[in-house]
Amino acid sequence: MASGNERRPGWKRRAWVAGVAVLVILVAATASGAWFGSDQAIGVVRYGTSNTKVLAVQDDLVTLERTPQTGKPGTYWLEWSGTYSMLGDVVSHAPGRVTRKVVRGPTPSVGTPGYFGNVPPGDPEVAWGVGYTEIMVPTELGPAPAWYVPGEGATWVVAVHGQNGRRKAQLKILPVVHQLGLPFLDISYRNDEGAPPSPDGLLHMGESEWRDLEAALRQAQTMGARRFILYGTSMGGQIVGQFLARSPLANVVDRVIMDAPMIDVRMTAEQAVKNYHLPAFMAGLSNQVIQWRTGVDPDRLSLIRHPPKIRPPLLLIHTVPDADHPIQEARDLVAAGQHLGWKIQFEPFAQGEHTEAWNVDRTRYDRLVRDFLSPV
């Protein structure tokens with residue numbers, strides 16, 4: 001029989017091995033979490049085609065499977081089989097079901113799978129009946145498609161969508177722009193569908209994408225444009241900000257509209273960590289991984305701490321409940337702008353998730369945009 005002294009070394013070894021194993025697991029989990037966090041910021045995503053199903057139809061009412069998306073108040077779209085309907089506010093709901101009114105477009109059949117979303121479907125013609133031309137913008141990486149809607153005068157509105165978004169997301173603003181008679185250019189940029197990929201196949205959160213916006217403005221100049229109004233949503237706002245900070249064409253921008261912009265990458269990362277219930281330190285680690293994978297310093301992508309050199313009048317729209325880019329980013333930019341003499345018209349919306357200000361109050365949104373653009 002082994003003595004107590006003989007047993008102790010074995011227990012110590014097992015305890016040491018167990019401790020090392022726990023440490024390895026913690027390190028692996030932390031590294032995995034940091035990589036996951038970086039992917040949320042710079043990974044390229046292609047979306048699927050359906051997220052709900054039509055359960056019933058009666059006249060101009062359609063009943064859908066109830067999800068966190070389909071049950072939201074406001075104006076949204078249902079796309080299916082190459083067509084779409086614009087759906088109005090919720091009329092009624094029951095367990096697992098929500099009924100909305102079809103305000104534009106055909107009514108789908110019972111059993112149809114569809115995609116319920118907050119952006120207009122298709123192109124300008126499909127979404128609003130507005131004629132357009134698709135042009136190719138010669139970027140440094142290759143041609144990138146853009147939708148061009150002609151208008152009067154030499155001041156163009158150029159729209160830039162957000163992270164892993166599509167051009168159609170920017171069509172919310174088109175009816176007002178078209179009513180005012182302004183030319184409209186809705187661009188794509190590297191890693192978009194139909195556009196060239198970035199050399200590393202990753203998003204750079206505006207740090208390199210701004211050059212594709214610059215290429216679009218140069219193309220517009222060859223078509224008669226002389227001055228510009230930039231409209232950026234989500235990461236598109238950061239792209240616009242980096243363009244104003246770095247491009248020699250920044251001085252031909254008359255004014256800017258940003259909707260739920262990514263103003264400060266560090267604050268965005270901190271919010272993402274909260275959303276996934278991760279320890280706070282993971283935000284910093286994720287940003288370190290982003291820098292390692294892309295060469296981009298996320299701390300430099302702060303329009304608050306590193307404001308652009310050119311600062312045209314800005315209409316800043318943001319929903320208070322935004323859980324992607326917290327509204328505190330917008331409030332801090334407004335405060336910084338006051339010290340810089342930057343004219344910022346800040347318009348918070350009490351309801352709506354990320355980039356849903358138009359969806360929850362289209363009348364107010366359109367009025368704000370029209371008033372801001374009317375002097376042009």
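**Salt bridges and a helix contact in a predicted model**

Visitor: Which residue forms a salt bridge with Arg166?

Guide: Glu193 does, and the closest N and O atoms are 3.7 Å apart. A salt bridge here is a side-chain nitrogen of Lys or Arg within 4 Å of a carboxyl oxygen of Asp or Glu. This is a predicted model, in which local features need pLDDT of at least 70 and side-chain atom pairs count only at pLDDT 80 or more, while totals for chains, interfaces and linings use all residues. Residues are numbered from 1 along each chain as its sequence is written, and side-chain values use heavy atoms, with hydrogens and water left out.

Visitor: Where in the chain do Glu193 and Arg166 lie?

Guide: Glu193 is in the loop between strand E10 (184-187) and H4, and Arg166 is in the loop between strand E9 (155-160) and helix H3 (174-179), 27 residues apart. Helices (H or I, at least four residues) and strands (E, at least two) are DSSP runs, numbered from the N terminus.

Visitor: How many salt bridges does the structure hold?

Guide: The structure holds 14. One of them pairs Glu353 with Lys72 at 3.9 Å, N to O. Glu353 sits in the loop between strand E14 (344-349) and helix H9 (357-360), and Lys72 in the loop between strand E2 (61-65) and strand E3 (76-80), 281 residues apart.

Visitor: Is Lys72 buried or exposed?

Guide: Lys72 is buried, with a relative accessible area of 11%. Buried means under 20% relative accessible area, exposed over 50%, and partly exposed in between (1.4 Å probe, protein chains only). Glu353, at 42% relative accessibility, counts as partly exposed.

Visitor: And what does Arg364 pair with?

Guide: Arg364 forms a salt bridge with Glu347, with the closest N and O atoms 2.8 Å apart. Arg364 belongs to helix H10 (residues 362-373) and Glu347 to strand E14, 17 residues apart.

Visitor: Changing topic: at what angle do H4 and H5 cross?

Guide: The axes of helix H4 (residues 210-222) and helix H5 (residues 235-246) cross at roughly 75 degrees and come within 8 Å. The two helices are therefore roughly perpendicular to each other, a label given to angles of 65 to 115 degrees.

Visitor: Which residues make the contact?

Guide: On H4 they are Trp210, Leu213, Glu214 and Leu217, and on H5 they are Ile239, Val240, Gln242, Phe243 and Arg246. Contact means heavy atoms within 4.5 Å.

Terms used:
Axes fitted to C-alpha atoms, helices over the stretch in contact; angles between N-to-C directions. Parallel < 35°, antiparallel > 145°, perpendicular 65-115°, else oblique.
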